Every structure is written in C-alpha cells, then in structure tokens.
Amino acid sequence: MLHTKQDEKIERICSNPECKEIGLYPAPKSRDNLREYLYFCINCIRDFNKSWNYFEGLSENELEVEIRKSVTWDRPSWKFGTKNLNYDFEKAFREFENKKSTHNKKIIDKKLEKALKILGLNSDSNLTEVKTRYKSLAKKWHPDVQNESKSKNKEDKFINITNAYKIILESFTKQTKK
Ligand SMILES: [Zn+2]
C-alpha cells in the first residue's frame, strides 16, 4: 500500500524542461514504474495526454475525471491496471518531448531562413561566405559611411544586417557542437 501524506503540500515544477509552471498533474513515468510520477502543469499534461491519446485512444472524459480526482485528493489516483490505462507512458513522453523540440526547431529555422534572406545568402553558404557577405554589406550600410541615402534608413538596415549575421553565426556554432 502506498502511503501518502495528505497534508503535505509539495510544490513541484512541471516536468517539461521548457516550462516553469507548478507541476500539479501526475503522469506515471512508465508502465513498469507506476509508483513514480512526472508532474506537469495543466497545459503540459494536456500536450502529454494528446500524444498519449494519439497512440492509444484514451477517452478524454475519463482522463479529466481522473485528473480532477488526483488534484482533489492531492495525490495521484489514476486507476492503473484497468484495460483503459494500459499505455506506453515512456513512448508518450518521448513523443511529447520530440514534438516540443520539433516545434522549437521550426521557430529557429524560420528565424535563420529570414536572416539568410536579409544577407542574400542561402542555406548552403559556408562560414567564409557569410563573413565576407556581412563585411561588404556592413561597409555599405554602416551609418558612418556618407552618401545620399537617409541615415535613419541606413541605421535600420545596418541593425537588420547585424542581427541577421548574429543569428547565422549562432547556427554555425550549434552545428559544430553536434
Ligand atoms: Zn508545464
């Protein structure tokens, strides 16, 4: 029998490494280890449950009821071992993490794509090409360089180019770390 201290309030942080919310909602670590839990905030447990549902077709209502119970009693209370709760939790959790990182990667890719466009480069450009291009553009658009174009425009353009350059450089650093 699992002993729970009803009056002991433990503040846990959501198990999603990218989330800083309080983890109120338990999910077992794996089917073989139903006594240990990961704790998620409401948003993350929903994401987690989505991947879980995706694999096994868990009834949303059933889950909601169980979650509510576990919160009310301040302890995990999912009925494990019933045929409806025979899920591969580890697989669901892996899928959940993959989805998160794919999502983040897409955001980074978008940023990088935009940055390359600003410098007039493509994703095949090597580091030397990037540096050369930045230098020539920076020279052209540097606010201190005098020519007929308005200096405010030049400043904006120069900032854009420099920011884009930074993003591209970062992507090179990440690649070499892998
Ligand atoms: Zn969370």
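# Questions about a predicted chain

The secondary structure of this chain, taken from a predicted model, amounts to five helices and two strands.

Visitor: In what order do the elements of the chain run from the N terminus on?
Guide: The chain holds two strands and five helices. Read from the N terminus, the order of these elements is β-β-α-α-α-α-α.

Visitor: What is the mean pLDDT of the chain?
Guide: The coordinates come from a predicted model, and pLDDT is the predictor's confidence in each residue. A value of 70 or more is reached by 61% of the residues. The mean for the chain is 72.

Visitor: Over residues 72-86, how many contacts beyond four places in sequence does the model have?
Guide: The pLDDT of residues 72-86 stays under 50. Where pLDDT is low, the predicted coordinates should not be read in detail. With that caution, the number of such contacts in the model for residues 72-86 is 17.

Visitor: What share of the residues of the chain count as buried?
Guide: A residue is buried if 20 or more other C-beta atoms lie within 10 Å of its own. The chain has 178 residues, and the share that counts as buried is 19%.

Visitor: Which element supplies the largest share of the largest nonpolar core?
Guide: The largest nonpolar core has 13 residues, and Ala-27, Tyr-39, Phe-40, Cys-44, Ile-45 and Phe-48 have the most contacts inside it. At least two residues of this core come from each of strand 1 (25-30), strand 2 (33-40), helix 1 (42-56) and helix 3 (89-118). The largest share is four residues, and the element that supplies it is strand 2.

Visitor: Beyond its neighbours within four places in sequence, which residues is Phe-40 in contact with?
Guide: Phe-40 is among the residues with the most contacts inside the largest nonpolar core. Leaving aside residues within four places in sequence, the contacts of Phe-40 are Cys-14, Ser-15, Asn-16, Gly-23, Tyr-25, Ala-27, Ile-45 and Phe-48.

Visitor: Why does Ile-161 count as buried?
Guide: Ile-161 is in helix 5. Not counting residues up to four places away in sequence, it touches Ile-118, Leu-119, Tyr-134, Leu-137, Ala-138 and Trp-141. The C-alpha atoms of Ile-161 and Trp-141 are separated by 8.6 Å, although the two are 20 residues apart along the chain. Ile-161 is buried because the number of other C-beta atoms within 10 Å is 20.

Visitor: Is Glu-155 buried or partly exposed?
Guide: Glu-155 is in helix 5, which covers residues 151-177. Its C-alpha is 9.0 Å from that of Asp-144, 11 residues away in sequence. Because it has 13 C-beta neighbours inside 10 Å, Glu-155 counts as partly exposed.

Visitor: What distance separates the C-alpha atoms of Phe-96 and Asp-47?
Guide: Phe-96 is in helix 3 and is buried, with 24 other C-beta atoms within 10 Å. Along the chain, Phe-96 and Asp-47 are 49 residues apart. Their C-alpha atoms are separated by 6.9 Å.

Visitor: Is Leu-127 buried or exposed?
Guide: Leu-127 lies in helix 4. Its C-alpha atom is 7.4 Å from that of Phe-172, 45 residues away along the chain. Because it has 12 C-beta neighbours inside 10 Å, Leu-127 counts as exposed.

Methods: Residues numbered from 1 in each chain as written. Predicted model: local features only at pLDDT ≥ 70, side-chain atom pairs only at ≥ 80, totals over all residues. Contact = placed C-beta atoms within 7 Å. Core = buried A, V, L, I, M, F, W, Y, C linked by C-beta atoms within 7 Å. pLDDT = per-residue confidence, 0-100.
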